[in-house]
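Let's take a walk through this assembly together, starting with a single chain and ending at one residue.

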Number of protein chains: 4
Amino acid sequence: MNVPLSIADYERLAEERLESGPWAYLTGGSGDEWTLRENRAAFARWTFRPRVLCDVSEISTATTVLGTRIEIPVVVAPVAYQQLYHPDGECATARGAAAAGTGIAVSTFSTRSHEEIASASPGVLQWCQLYVFQDRGVTHEHLVEVAAAGCRAVVLTVDTPRLAQRERDLRVGFEIPSDLPLPYARAAIGDAPKNPADQFALLDASVSWRDLEWIAGESNLPIVLKGVVTAEDARLAVEHGAAAIIVSNHGGRQLDGVPATLDALPEVAEAVAGRVEVYLDGGIRRGTDVAKALALGARAVLAGRGPVFGLAAAGEDGVRHVLELLRDELTLALCLLGCTSPDELTRGHIQRTAT
Amino acid sequence: MNVPLSIADYERLAEERLESGPWAYLTGGSGDEWTLRENRAAFARWTFRPRVLCDVSEISTATTVLGTRIEIPVVVAPVAYQQLYHPDGECATARGAAAAGTGIAVSTFSTRSHEEIASASPGVLQWCQLYVFQDRGVTHEHLVEVAAAGCRAVVLTVDTPRLAQRERDLRVGFEIPSDLPLPYARAAIGDAPKNPADQFALLDASVSWRDLEWIAGESNLPIVLKGVVTAEDARLAVEHGAAAIIVSNHGGRQLDGVPATLDALPEVAEAVAGRVEVYLDGGIRRGTDVAKALALGARAVLAGRGPVFGLAAAGEDGVRHVLELLRDELTLALCLLGCTSPDELTRGHIQRTAT
Amino acid sequence: MNVPLSIADYERLAEERLESGPWAYLTGGSGDEWTLRENRAAFARWTFRPRVLCDVSEISTATTVLGTRIEIPVVVAPVAYQQLYHPDGECATARGAAAAGTGIAVSTFSTRSHEEIASASPGVLQWCQLYVFQDRGVTHEHLVEVAAAGCRAVVLTVDTPRLAQRERDLRVGFEIPSDLPLPYARAAIGDAPKNPADQFALLDASVSWRDLEWIAGESNLPIVLKGVVTAEDARLAVEHGAAAIIVSNHGGRQLDGVPATLDALPEVAEAVAGRVEVYLDGGIRRGTDVAKALALGARAVLAGRGPVFGLAAAGEDGVRHVLELLRDELTLALCLLGCTSPDELTRGHIQRTAT
Amino acid sequence: MNVPLSIADYERLAEERLESGPWAYLTGGSGDEWTLRENRAAFARWTFRPRVLCDVSEISTATTVLGTRIEIPVVVAPVAYQQLYHPDGECATARGAAAAGTGIAVSTFSTRSHEEIASASPGVLQWCQLYVFQDRGVTHEHLVEVAAAGCRAVVLTVDTPRLAQRERDLRVGFEIPSDLPLPYARAAIGDAPKNPADQFALLDASVSWRDLEWIAGESNLPIVLKGVVTAEDARLAVEHGAAAIIVSNHGGRQLDGVPATLDALPEVAEAVAGRVEVYLDGGIRRGTDVAKALALGARAVLAGRGPVFGLAAAGEDGVRHVLELLRDELTLALCLLGCTSPDELTRGHIQRTAT
C-alpha cells in the first residue's frame, strides 16, 4: 500500500501492525456485534440533498465545542489503554489531534495523565472522560487532577454501569498488561485484574441522575453526558444541567441491540431543541458521515477507532492524517452540498434513503 | 474450543456430538425453513431504547409463571425424544433447569415420565405438554398420571393437528429407535412406527375449542395454549378459560410461512390485555432476545433448542450453563436498559429497527 | 437422490436430464430476469395467520374452475414445445394431470393436438391457450379444431404482442428442431424459423379489446385473459365479457420489471370483486404458495415449470407426483391454517411480512 | 463471446480492451461508490404497470429534445477524454450516435472540437457541456467557438465546484497523457497537470445562479442545467431561465451519498411541472431503464458509460450498437406496456416495487 487514501486503508494497516489481543479489543463489539454493524449501516439510510450554484469558493470546517474553537467538527473519542496501540499512547494521539486543529477526550483508563498529555502537546483541547469508581475517593482524586491540568469538560459515560461481554476478547485471550500505566484507574484496580471486565467491575453501578450534582461539586467543569440515545434521557440531561450530550452506544461495545447512533440522533436533537450541544460518536469513517451527523443535529462528532487506526499505523502522524482525511472529505462534502461552513448544514440537506 | 461463551458455541458442540439424524430432527424446520429463519431474524427488527443513570447496582432476573417463582424468565420448552441427545434425557434436562432455578415442560413424546423426572430432580417445576391422541384413553391416562406426579400445568399444543413434513429428516433417513422409551405415547403408537410423522399421525386432528372443557375435566391443572399467533385466537383462548398462552410456531417446524413469534407477540399481547399470562418461544439464543420478548409483552419465554444443545454437549451441566448464559446476558441487558428486574421492562424500552 | 421430496428436487433432476437449450428455454426469463426472481421472492412478502383448534380431521383440496371440478386448485399452465422435455410431450403431461385430478392448458405452440391429448387421456380437462396469428385463418382453424376436441375454455394470452428477448436462449444457441410437431402453429410458421423469437414474430401485435368479440364469435367457449396485472385491465376484462383472468407475467419471460404476480393479485382481485374467477401463475413451487394465492383472492393457480420438471424427470409419473406434492403440501397448509377446504381460505389468513 | 446481446456484454468487452487507468476512470465512482451502486439499484425499486390489448403493431421511439427530433430518447452523455477509449474519440462516438439517430453532448474536456465532430459526422446533434474556468477568458472562447460550430445547447454542469476524490483512479495511478488533445481545456490547463483532480482544480467554484446571465450573454444557446437533484433547485432553475434540467449525480462520481437519480427524478419533475424539459442520467443500461425514467417524468435520458463501452469495444459501430440495443429494448418495453410512443408513457405505468 502506498499513501493511505482513507480510514479504511488505515484500518488495514493497523490490523497488520497489532497483535490479535489489542486488535480484538479495539475493533470488537458486544454480543453478536449487531449494533457495531448498525452504526455503519445507518449512514447508508440517509442520503444528501445537495444544493447547486452556491458560491463555494471559500470553505471552512471550523466550529466550536463548548465555546472552544476547533478546526474540524471532530474530537478524538476517549479510547482506553492507548499504549496498547503505540508506545506514546495518548500523547501521540493528542499531538496528532492538535496538528489537525482539534482535541482529545482522555479516558479514565488512559495510559497517560492529562499533565503528560499537556506537556507533550501544549494547549491541546482536553476533555476528561469519567467513570465513577465504587471507591469515590479515586474519582475525587481524578476530578481534582483533571481540573488542575487544564481540562475543559468532564465527559461522564452513562452507558456502562457494567461492562458488556465482548466475545472476541475472550476468544483471543486478551489481557491488559499488568505494567500498563493507568494513572486514573490504577489506584482503584491495584495490580491483579488483567482483563477489562474485571477492571470495569470496580465501577459504581448505582450512579444515577442525582450523582451529577456530586460530580459538578467536585469540579467546576461543564459536564457532557456520553451514552444518551433516547429523547426522555436527553430531556433529563438538560434538566439536570448537562452542558452537552453525546449520542453514543459505546461504539457497539455495550448493549447489543441498541440503535445505531445516527438513527437515535434525530430524536435526541429534537428533544434537546438547541438548549445544549449534541455530539455523536459511532461508525465515523468518512467526512460524509460527519456531514450527515451535522445535518441531523449534531454540532460535532467524536471519532475513536479511526484515529486509533492512524495511531497504530503511524503514531502521531497517523492520527493527524486520519483527521485530515476527515477534514478534506468534509470540506468536499460541504462544497458539493452548497455549504461554506458546518453551520450552513441543515435538516434540509438530508433525507431518508429510498427503499 | 474452550469454555463455551454463548449458545452458538453450544450449538457447534452439539453438532459435533450428535449423529446426523438427531441433529437434523433437532435443528430442522418444515418446508423451506423460512419461518425457522424468521424466528431469528425478527429479533433484529426490534431495537432497544435504553435508559441511563438509573441505580442498577442490584438486579434480579426472577419472576413467576402461573404463580410459581423461577429465577429466570426462561422455562425449558417441551422437546420430544430427549434420550436421542443424551442418555439421561429429560432427567438431565430437568436437573440442569433446576440448578438454574427454573423448570421444564415435558413432552407427550418424552422419554422419561414425570415421576422419573421428579425423582431425578425433586421439586423441579414441571409442566405437561399435551398432544391429544385419537385414542382418548391414552390421553386420559396421560392426564391422570401427570396430575399425580405434581405437574403444575397442562401445555396443550394447538398448532399440530398434523405433523409438517421436515425434509431434513427425510434426507438423512432419521428414524426413532424402536426401543426408545415413550411412557406417554407408546400405548398409542405400539412398536412399529419409527418416524415422527407416523407417530404423530395418531394424534386427533379434530380437537377444537370445545375439547378444552374435556381436558379441564380430566385434570384440575391450569391449561396453557401453545401455538397461538393471532389476536383472534388469543381472545378465544381467554374466553375459553386458558390460564396462559404461548406465542409459538413450533420452532419453525409446523406451517412454514407463519410469522416469527416475536412479530406475532405484540398483537397477541394487546388482545390479551393482561388477562392471562403470555409466553413466547422460538429463536431464543441470547439474553437480549429474552429482554425483547419481555418488553413486547411476554412474561417469560420457553427455550428448546438452546438447552438441548447444552444437553447434547455436556448433559445436565450443559443445560445449566446454557440457562446461566441466558441469565447473565439478561442481567446485563436489564442493567444496561436501566432496569433492575423483568417487571421494569416496558414497551417503551423497545422500538422497530430503522430501515 | 432418492424419492423427490419437493419440486426443487424435480428441478434438479430435470436439469440433469435436459440439454442446455431446452433447459435454458424452460427456466430462463427476459432481460435481467428480475421479474423471474420476484415471482418467487413475493411469496416471502406474505405470511400466514393460522387459526387453531378448528376441527380439521377431514380436508378436501377440491374446487371448481369455470364450473368444472378439479381435485386440486392447480391447473397445468400452457407451456410451449413440450416434446422438448419428453417424447410424449403434452400427452404425458395431460395423463399426469388427470391422474392428479386436474387439467391442462394446451399452448398454441403445443406439440400435440387436443385430439391426441384427449385420446391419450380421455376426459381430461383441457383449455386452449390462444395466440392470434397475423394470418387470422390459422387462428380460425385453431379455434374450430379446439371446440371440436372438447376443450372447455380459450385462454387468450395478452402479454405477448412481441416476444421478449431471452438472453439465456441466445447464449446457448437454443433452436426449435425443425421437425417438431406444432399442430396449431406450423401452418403459420412453415418450415424455416427455428428460434422462438421468429416463430412468435408471426403473432398479431394489433390485437386489442375489440378482437375479443371476434374470438368469441369463432368459438362458444368462455374466454380467459392471461397476462392481466392491473386493476384497470381487470375491470376492462370484466366489461368485455371475459369469463376469468389469469394474473400472469408469463413466468418472468415477457416484460422484465413487471411486478411479481402475487404482488399484483390483490389489486386485480379487488377490482374484479368476484364478478369473474381470478387465477394466478408464476413461481408456484409449494403448496403454501398455492394457499397464499388463494388467500389473496385467486380461485386456482396455474403451474408451468413445476409440472414440466416432473415431465422431464419422469414423464407422466413425474407430472402426477409434482401435482401430488402440491396437493399434499396444500392439504397440510389448509389443516394448519384451520381450514378444511380452499373455500375457507380468506384474506384474514394472510398479512404482509414484517420488515 | 459472440455478438453482444446487452450493454453488460459491451462492458465486459471494454474491460478486456482498456488499460487499468482508463477503465478505472471510466467506471469508478467517488468515496465508497454508494451512489454509483444506488444509481443502478434504484431501477429495481420501480416496477411497471403494463396495459394489455392495445394495438401496438406500430411503435416509434422518436421524440424531441429542445425541439430537435431524435430517433430514441437517449442522448450520449458528456464523457471526458474520449480518446482514452478509442483513437477516434468523440468523433467515433458522434458517428455512432448519428447512425442511431441521436446526438452527443461534448465535454469541456473533449479530445475533439465541435468542428472536428461536425466534420466527422455532419449534422449530428451536438450539445456543449460547460465547465466554467477561473480564467473566464477560456470559457468565453469556448462559448464563442461552440456557437459557431452549430452546437444547439449549453449543458452547464452544476455539481462539480470541486472534483470528488475517486480512489480507484489513485490506486491504479491513472494519469491523463500530457499530449492528449483538449481543445477547450488546454488553454487553461497548460502542459503540466496529469491527473483529473489537478485539471478540474482550475474550475471556478464561485459560480452561482447569477452567473447564468453571463453565460446566456456569451451565447444565444439554451442552457441546460446538469446536476440538479432537488425540487428547490429545480424551481430556481426554471426561474433563472434554464431551458432544461438534467437530473444527474455525475454518474456517482461527485458527492457520494447523493440519491440515485431515478429516486430524485419524481421530486424534480413535480417541481418543474412541465415548464422545462427534464432529462436524467446515471445507471442507464437497459431500454427498460429508459422507460422507467420516462414514466417518472423525464423526456429523455443521457447515457455515458454504456455508449463508451461500445466505443472502447468496437468504435463507432459499438456506440451505434449500444444505442440500438437501447432502442430495441425500449421498443419492446413500450410494446409490452401497451404504448406506441414515448409520449404515451405515463406515471400510471409505474409504481414503487413491493417490499
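The paragraphs below go from the fold of one chain to the arrangement of the copies, and then to the contacts between them.

A word on conventions comes before the tour. This is a predicted model, in which local features need pLDDT of at least 70, side-chain atom pairs count only at pLDDT 80 or more, and totals for chains, interfaces and linings use all residues. Residues are numbered from 1 along each chain as its sequence is written, chains are lettered from A and ligands numbered from 1 in the order in which they are written, and side-chain values use heavy atoms, with hydrogens and water left out.

Let's begin with chain A, which holds 14 helices and 12 strands; these are DSSP runs, H or I over at least four residues for helices and E over at least two for strands, numbered from the N terminus. The radius of gyration of chain A is 19 Å, close to the 20 Å that the globule rule gives for 355 residues, so chain A is as compact as a globular protein of that length. That radius is taken over C-alpha atoms, and the globule rule is 2.2 Å times the number of residues to the power 0.38. Along the principal axes, the C-alpha atoms of chain A fill a box of roughly 60 × 50 × 40 Å.

How do the copies relate to one another?

Contact here means heavy atoms within 4.5 Å.

Chain A does meet chain D, in a contact that takes 31 residues from chain A and 40 residues from chain D. About 2,800 Å² is buried between them, 59% of it given by carbon and sulfur atoms; buried area is the accessible area (1.4 Å probe) that two parts lose on being put together, summed over both. On the side of chain A, A:Leu5, A:Val52 and A:Leu53 supply 26% of the area that chain A buries against chain D. Six salt bridges cross this interface, each a side-chain nitrogen of Lys or Arg within 4 Å of a carboxyl oxygen of Asp or Glu. A:Arg286 and D:Glu167 form a salt bridge at 2.8 Å, N to O. Helix 14 of chain A gives the most to the side that touches chain D, with six residues.

Our last stop is C:Glu267, in helix 12 (residues 261-272) of chain C. Beyond its neighbours within four places in sequence, C:Glu267 is in contact with residues including C:Val229, D:Arg49 and D:Gln351.
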